[in-house]
Amino acid sequence: MKHAAAILTLLLAVAVPAPAEDFSFDAKEFEKKTFEFGGYLEAKQEALNQRPDRSSYALTYPNEASRNWLYRSTGTLELTGKLNLDQVVADLRLRGLYAEDTFVRTIETDKVMEGGVRWSPQQGLSFDAGKRVMRWGKGYSWSPVGFVERAKDPSDPQASREGFVMASMDWTRTFDGPISTVGFTPLIVPVKDKINGDFGKPDHINPAAKLYLLAWDTDVDLMWQGKGSKPQSFGVDFSRNLGTNLEIHGEWARMADVQRSYVDGAGNTFSRTENINSFLAGLRYLTENEVTWIAEYYRNGSGYSSIQLEDYYRFADQATAPGASASLFNKAKNLAQSGYARSNPGRDYLYLRASVSEPFNWLYTTTALTTMVNLNDGSFQITPEISYTGFTNMEIRARAIFLSNQRHTDFGEKTSSQRYEVYARYFF
Amino acid sequence: MRYLIKLLAGLALLAPLAAHALDGKAILEKVDRNLEPESYESYRKLINIEPSGAKKEFIVYTVKKGRDKVVTLFLSPASDKGRSTLRQGDNMWLYIPNVGKPVRITSLQSVTGGVFNNADIMRVDYSEEYNVETIEEQGDLYLLSLKAKTGNVAYDKLKMKVDKKLTLPLEIEAYASSGMLIKTLHFKDVKDFGGGIKRPATIETDSPLYKGYQSIMLYSGLKKRVVPDEVFTQGFMPRIEELRK
């Protein structure tokens with residue numbers, strides 16, 4: 001707590017407005033450098049109002065005493081380096097992290113978030129090998145077609161994520177006519193021993209590919225991932241501007257032969273192999289008074305109905321009650337890890353975000369109100385937020401997350417009912 | 001015969017007038033070419049100034065090809081470095097390195113904040129987006145009234161004051177379809193960039209919607225350059241740095 005507060009104070013002290021200067025500009029000051037170095041330092045403070053009476057709390061913090069509040073301080077240093085040669089670019093993004101809360105202290109010093117080598121023999125062709133974040137899909141909060149990436153956090157969709165080790169090629173051609181661009185990106189994501197261990201089952205090469213078209217002013221992607229560490233998947237997405245202030249997008253994904261775990265009302269657990277279809281439809285709209293609306297509907301094909309979730313929560317209540325057997329507890333824990341404890345375990349969601357850039361002419365200030373609703377059980381979370389980027393190279397964001405409280409519902413069974421967060425990030 | 005003589009005489013009297021008639025389209029196209037070659041690269045500094053005097057600056061590298069293809073790369077500040085934007089006609093995308101995928105944006109949004117919006121930063125030729133409705137002469141100026149060709153253009157109408165001698169804009173007022181003045185651009189500091197390019201190096205912008213705020217765009221390193229069409233695609237957005245020499 002003290003460390004984060006000290007870093008926060010230091011960052012704010014650095015954030016003085018740029019001194020006045022005349023309006024001169026010479027491009028020679030910005031000539032390309034062979035080696036570039038950058039990164040950011042972030043201090044984050046969080047306070048979480050816990051729900052010790054919920055089974056999710058007992059499963060997350062077994063053998064810990066009940067606490068109403070959990071305070072977490074996090075300091076993050078991310079360093080990036082880039083070597084620019086003629087046709088070859090090598091880059092590396094490293095992260096160091098110190099996090100401390102009531103229960104645990106985490107220290108990470110050498111996490112490679114991304115890094116590799118790219119060779120571009122011509123503008124429309126490049127080859128890449130290394131750890132990469134390959135983000136597919138057009139969704140803002142969810143991406144059902146994100147087959148070769150770590151799932152994004154819908155509460156913070158733009159947060160930095162770690163890549164997977166892969167080798168890829170990118171080929172692009174442009175044409176006159178309604179199909180003006182065609183791009184093709186085949187890749188492999190090998191999983192073996194210590195490489196990509198969290199991607200899926202080991203000893204697979206995992207081929208995947210994406211075909212991109214800009215056709216009739218619409219972005220269209222067709223995606224495929226071969227059977228291997230994960231089930232075979234297909235997907236398609238699109239995005240299109242309908243005007244100067246309106247964009248629409250959508251995604252559809254199908255995963256074949258997915259093993260899913262269930263628990264019924266009597267506490268019996270079983271698994272089934274299913275084909276899963278997920279889709280998303282969304283829009284982004286800028287109103288005349290500068291409010292940006294993002295609305296998305298997400299059909300989570302691997303999600304559970306409100307009745308199935310309720311069956312699980314009742315079962316987890318029994319498994320975590322005082323005197324429950326260790327085997328019952330472990331059974332509940334396995335179910336949680338198999339999908340019931342994901343950030344969005346439900347079937348149908350609505351995401352709605354209204355953000356106002358520069359309200360009341362406050363330059364560089366953005367305020368936003370975001371809500372995520374489980375349409376099956378009506379539970380929700382709501383997030384007011386304010387951010388400021390007016391200090392050179394500084395970003396400050398504060399937000400609160402309030403969750404609905406009804407028992408045996410998606411958001412009503414999360415480990416915390418309220419979360420307050422503030423961070424300052426200094427870029428260099 | 002008398003009628004024919006009268007007709008010929010009438011036509012002879014009208015001929016000088018027709019020759020002298022102003023061709024608004026040609027003048028607008030000349031304004032476009034005098035501002036920039038059709039295909040070019042340039043560096044720009046964008047400065048947002050608050051009423052308090054506090055400033056925020058962005059450096060962007062821009063490459064344009066043909067009538068409607070533009071890419072920009074943010075070189076500074078560090079918080080925005082590596083961001084890039086792409087425009088193909090009415091289509092616009094933003095690439096943020098941390099987000100890692102191009103996201104569609106619209107012309108009225110602003111990737112920098114302040115008075116400049118995306119259409120200002122990724123501007124294509126005026127004659128590509130606007131028809132000349134009227135043109136008149138006023139002393140040393142042409143006064144052009146421009147109307148957007150489609151509803152996808154950021155501003156519905158422009159009123160452009162053009163220096164007759166240089167055929168360069170001095171001031172442009174941008175209006176919404178409701179008739180509301182959105183912003184005024186002032187073109188200043190005509191400078192010789194070499195290669196036959198002589199144009200204003202400074203554009204100052206103010207807006208009644210942002211009273212007391214001002215945004216300034218400074219040009220440097222503007223020169224003719226033609227790159228392959230594949231540069232203006234989503235896949236190239238993370239690689240725009242490769243174009244810089």
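**Cores, hairpins and contacts**

Student: Of the 57 residues in the largest nonpolar core, which touch the most other members?
Tutor: The model is predicted, so local features need pLDDT of at least 70 and side-chain atom pairs pLDDT 80 or more, while totals for chains, interfaces and linings use all residues. Residues are numbered from 1 along each chain as its sequence is written, with chains lettered from A and ligands numbered from 1 in written order. A core joins buried Ala, Val, Leu, Ile, Met, Phe, Trp, Tyr and Cys through C-beta atoms within 7 Å, buried meaning 20 or more other C-beta atoms within 10 Å, with C-beta atoms placed from the backbone. In this core of 57, the residues with the most such neighbours are Val60(B), Val71(B), Leu73(B), Leu144(B) and Leu158(B).

Student: How many residues are in the second, separate core?
Tutor: Among its members are Trp136(A), Val165(A), Leu187(A) and Val189(A). The size of this separate core is 17 residues.

Student: Which residue of β12(B) is the bridge partner of Val190(B)?
Tutor: β11(B) also pairs in the antiparallel sense with β12 (residues 197-206) of chain B, over nine bridges. Two residues lie between these strands in the hairpin, and Gly195(B) in the turn has a positive phi of about 65 degrees. Val190(B) is bridged to Pro200(B).

Student: Which element gives the largest share of the side of chain A that touches chain B?
Tutor: Contact, meaning backbone-placed C-beta atoms within 7 Å, takes 46 residues from chain A and 53 residues from chain B. On the chain A side, the elements that give two or more residues are β6 (164-174), β7 (179-188) and β10 (233-243). With four residues, the largest share belongs to β6(A).

Student: How far apart are the axes of α3 and α4 of chain A?
Tutor: The axes are lines fitted to C-alpha atoms over the stretch in contact, with angles from 0 to 180 degrees between N-to-C directions. Residues in the contact include Tyr312(A) and Phe315(A) of α3(A) and Leu328(A) and Phe329(A) of α4(A). α3 (residues 306-320) and α4 (residues 326-340) pack at an angle of about 145 degrees, and their axes are separated by 8 Å.

Notes
Two strands pair if DSSP finds at least two bridges between them. Two residues are in contact if their C-beta atoms, placed from the backbone, lie within 7 Å. A residue is buried if 20 or more other C-beta atoms lie within 10 Å of its own, exposed if 12 or fewer, and partly exposed in between; C-beta atoms are placed from the backbone.
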